[in-house]
Each structure stands twice: as structure tokens, then as C-alpha cells.
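Have a look at the sequence and the model first, and then we'll walk through the main points.

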Amino acid sequence: MLDALWERRALLVSGKGGVGKTTLAAALARAAVASGRRVLLAEVGVTAEEQDNPSPLGALVGARHVPGPGVLEVSPGLSFVRLSAIEGQRLFLQDVLPLRMMADAAMRTRALRRFLEAAPALREMGVLFQMLHLVRRTRPDGSPLYPLCILDLPATGHALAIAALPDALLSVMPGGPIGRSVREGLALLRDPRLTGALLVTLPEPLPVSETLELATAIQRHRIPIAAGVLNRMPDNPFSPDGRAAVERLLDEHGPHLGQRALGRLDRARTAQARLAGNLSAPLLTVPELPVSGRELVERLATYLTRPTLHPAAPLEGESAGARP
Ligand SMILES: Nc1ncnc2c1ncn2[C@@H]1O[C@H](COP(=O)(O)OP(=O)(O)OP(=O)(O)O)[C@@H](O)[C@H]1O
Ligand SMILES: [Mg+2]
């Protein structure tokens, strides 16, 4: 299943706040590089201030902090970039204006900058355009410079804004250079061979409901869903017999803290089954690990490259930590 993911040109990592998008984007990038892919790991820095703060995603893959929208080679095969609306808008103007100088001069105009920053659709458009620009870049032999771009999206609402953007823009600007580049963006975003959204969620009832709603909304905009990712699946240390024995013990000895852990495990399994049954895309289950930061990223990358995840072993219903 992961090999199929790596064949795409763009993976959009999306989901609610705090579910592990940034961690997984970093781990997926590392795993793809370990399988021999050249990866551009991208984050969206929406405002000019955000652009200058250290990047959480960059830190997770060891990118030194360089303010601005340039691409940074982090390690062999792995590059990192902070997509910026302003940079995308500048690139776009460069495409449509006859001289590069004119685009740079136009972007220095405060009134134009304020106008571009104020309209959310134009901001999203800038981000999309910079991504397109990077996806289109080639090496001297004509092959893509960044065959796989993994994009860490800030939050669910933003992913939807990007998904909704091309239709919105096309309805107001069907022709001309904007229309053209939006159409090109759409062709990329809607082609399941080229693009896929990864919907990250947690194994709890509410996040799973929200993820199923997000899936419907994203599909309405015809963005293909590459996979659901159930993150932080608790370890299941029980064999069926062991579980029955523990339950008997708990029943005999009254309320116990262990019951909370058992309850969480049950909720997680129910959530997993519900997601696997209702999402029209494969489900990847990722374990909860007792570490954080870069160590977490490295361990998740190792987990994602373990041979049992390839070839397409049945992931649905599989518990990450299940004992044989
Ligand atoms: N599989 C995991 N096991 C243990 N901890 C995890 C796992 N995945 C994520 N975390 C932890 O969950 C927290 C949130 O993760 P992360 O920042 O990647 O989420 P996010 O979805 O990018 O959040 P935001 O919406 O704020 O950008 C972090 O502390 C991270 O270390
Ligand atoms: Mg994040």
C-alpha cells in the first residue's frame, strides 16, 4: 500500500488539530526516502510572520532554520520547503507578466501585497501555485526534480479551502492566465494517479466521525483520498484468553484503573472497525509510541518501512501492536 502512495506526485496530509499530521508527514517523508524516493516535504506558512518563525515540521526532520520560502536540502533525497502565499503569487505574476523584474516590482508594491494578503482565496491560490511550480520543476534529463511532494496542511479547514479553491476561482475567472493555472492545478489535484489526501485521525469516536465528514467534503471537491491514517493506536497486549482472564479478575475485584485502559482499547478497536468499514480508501494503522519529537519520527518511519506493510498486506483490522 505504501509503495502505491509513493508513486503519486503529491500527498496532502490533512486532519483535525493535534492528530499527528506534522509528525506523520515527517515520518512518511523519511519512509519514502528510505524506499528510494526523492521527497519534497512541504509546510504551509500562511502569514509573513509565520514564515519567519522556526518550523515545527522542519525541526522534526532536522532542517536548520532558514527564514523564507527557499527549498532546503535536509539530507540526501529529502528537501524541505515552507510554501508561502506571497512566493506563489510572485511566481504567478512572473508567469503572466512579460518580465521577471515586473513581477518583483509589483510584489514590492504595498497596496498589491495588502490586497493579495487580504483575500483568502488569493492566499490559498499562492500556496497552490508555489506547490505546482515545485512539482513541475525538472532535472536536466527532464525527470521531475521532486517526484514526490508531501504537504503538511495546517488544519482540516485549510485542506478544504484548498480543495474548494479551484472551483471558486474558476467561477469568477474562467479564462485568462489565472484560469489556466487553476485548471492545471485542478488536473493535478483531481487525478488519483498523481494526488492523494491522507486523512489522519485518532482512534476515538468523535475524531472518526469528523474524519468521515471530512472525507465526504473532500470527495465532493473530487480530491482523491489515498488513505485514512489511524494514528496513536494503543498497544493491545492481550491474547483473547488473556483478555477474558483479566476481565474476570476485574469483575471479581471491583472497579480498577485497568478498566479505563481496557475501555480505551475497546473504543480504539471500534473506531478502527468503523473507519475501515466506512472510508472508501485503505486504512493505515499507526501505533502510539512512548516517545516524541525526532525520535518519534524515526521510529514511525521505521514502522512504516517494515516489510509486513509491503506488499499490500491487509491493513484493515490489523492492530499495530497485536501479539501473534
Ligand atoms: N504515533 C504517535 N505516538 C505518540 N505520540 C504521537 C504520535 N503521533 C503524534 N504524537 C504526538 O501528538 C502531538 C501532536 O502531534 P502533531 O504536532 O504532529 O499534530 P498535528 O496534527 O500536526 O497538530 P496541529 O494541528 O497543531 O498542526 C505531538 O506531541 C506528537 O509528539
Ligand atoms: Mg502540525
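Why is strand 4 (residues 78-84) largely enclosed by the rest of the structure? Seven of its seven residues are buried, so the rest of the structure largely encloses strand 4. "Buried" means under 20% relative accessible area, with exposed over 50% and partly exposed in between (1.4 Å probe, protein chains only). Strands here are DSSP runs of E with at least two residues, helices are runs of H or I with at least four residues, and both are numbered from the N terminus.

Before going on, a word on the model: it is predicted, so local features need pLDDT of at least 70 and side-chain atom pairs count only at pLDDT 80 or more, while totals for chains, interfaces and linings use all residues. Residues are numbered from 1 along each chain as its sequence is written, chains are lettered from A and ligands numbered from 1 in the order in which they are written, and side-chain values use heavy atoms, leaving out hydrogens and water.

- Strand 3 (residues 72-75) pairs with strand 4 in the antiparallel sense over three bridges; pairing takes at least two bridges found by DSSP.
- Ser75 sits opposite Leu78 in strand 4.
- Two residues lie between the strands of this hairpin, and Gly77 takes a positive phi near 90° there.

**Around ligand 1**

- There are 15 residues around ligand 1, and Gly18, Lys21, Thr22, Thr23 and Pro287 come nearest (near means a heavy atom within 4 Å).
- The side chain of Lys21 has an N or O atom 2.7 Å from an oxygen atom of ligand 1.
- A polar backbone atom of Val19 is 3.1 Å from an oxygen atom of ligand 1.
- A backbone N or O atom of Pro287 lies 2.9 Å from a nitrogen atom of ligand 1.
- On its own, ligand 1 has 640 Å² of accessible area, and the protein covers 71% of that (Shrake-Rupley method, 1.4 Å probe).
- Helix 2 gives the most to the shell around ligand 1, with three residues.

**The whole chain**

- The protein chain has 14 helices and eight strands.
- Of its 324 residues, 49% count as buried.

Key: Polar contact = N/O pair within 3.5 Å; in protein donor to acceptor, adjacent residues only side chain to side chain.
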